[in-house]
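Colleague: I have just opened this one and would like to be walked through it. Could we look at it together?

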Amino acid sequence: MEIKVNALVLRAADYGENDKILTLLTAERGKLTAGIKGVRKSGAKLKFAAQPFCLAEYVLSGRGGRYTVIQAGGGESFYDLRCDIGKFYAAVALCEAASALSFEEDASPEMFVACVEGLRDMCADDECFALIKFLVRALRLSGYGFSAGACDVCGRDLAGESRLRFDMQSGSFTCRDCGAGAGVSGSTYAVLRAAGGRPCGDITEDGKVRALRLLREYFALKTDARLNGLSEYIRLLRAE
């Protein structure tokens, strides 16, 4: 049986002497694992299709629940992401998160679109804020969205507040007097609110790093997945 899918390479792992195993996020069938043969040889025709972040139309041969890539074409390579170490690790973090939130044979076209748009944003602009926007969007699509509105307890407007709290269990922000969650800065709140499409105050570099750290912990709590690429990206930001 052959199937044709629009797919993004989330992960490519070496297998055997010349092959690779791909984790693909598809618009039609969710996450799939597929082998691709001979692509580590010099001049292999499908070498491009086994590169990280490759977006293409893949033809897969399936048998017994296993897939093999037999053809690929079109799409985008997101080459810029492989030329800058910061953009590369931001893209790795995006792919790790998408993989953790996606399931075999469970179509999620919205997640597929979010990934593609996130990678395009990383190529074109600030990869850090693009990653934050993607994580906020992906968590919401997966049922783990959080509130970045008024205080969840008293309803007080949190815009301009310098110190707030965030409850990891409920995913809600509160003013410092009402909540019992972890303390967060106003700059963190402003970044996350802006990432959700509701601008609130200035977006600072420190605020973006703090927002990523909060998202990393929230993601781990909700999904039990550790995003190693995100941790490495945060380390790179701190080293700048």
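**Charged pairs and cores**

Modeller: Aspartate 14 counts as exposed, at 53% relative accessibility (exposed means over 50% relative accessible area, buried under 20%, partly exposed in between, with a 1.4 Å probe and protein chains only). This is a predicted model, where local features need pLDDT of at least 70, side-chain atom pairs count only at pLDDT 80 or more, and totals for chains, interfaces and linings use all residues. Residues are numbered from 1 along each chain as its sequence is written, and side-chain values use heavy atoms, with hydrogens and water left out.

Colleague: Which side chain does aspartate 14 meet in a salt bridge?

Modeller: Aspartate 14 pairs with arginine 40, at 3.7 Å from N to O, a salt bridge being a side-chain nitrogen of Lys or Arg within 4 Å of a carboxyl oxygen of Asp or Glu. Arginine 40 is partly exposed, at 31% relative accessible area, and Asp14, Lys20 and Arg40 are linked in a network of salt bridges.

Colleague: How many salt bridges are there by this rule?

Modeller: The count comes to 14, including one between arginine 156 and glutamate 161, whose closest N and O atoms are 2.8 Å apart.

Colleague: Changing topic, which residues have the most contacts inside the largest nonpolar core?

Modeller: They are Leu131, Ile132, Phe134 and Leu212, in a core of 60 residues; such a core is a set of buried Ala, Val, Leu, Ile, Met, Phe, Trp, Tyr and Cys residues joined through side-chain atoms within 4.5 Å. A second, separate core has 20 residues, among them Ile3 and Ala50.
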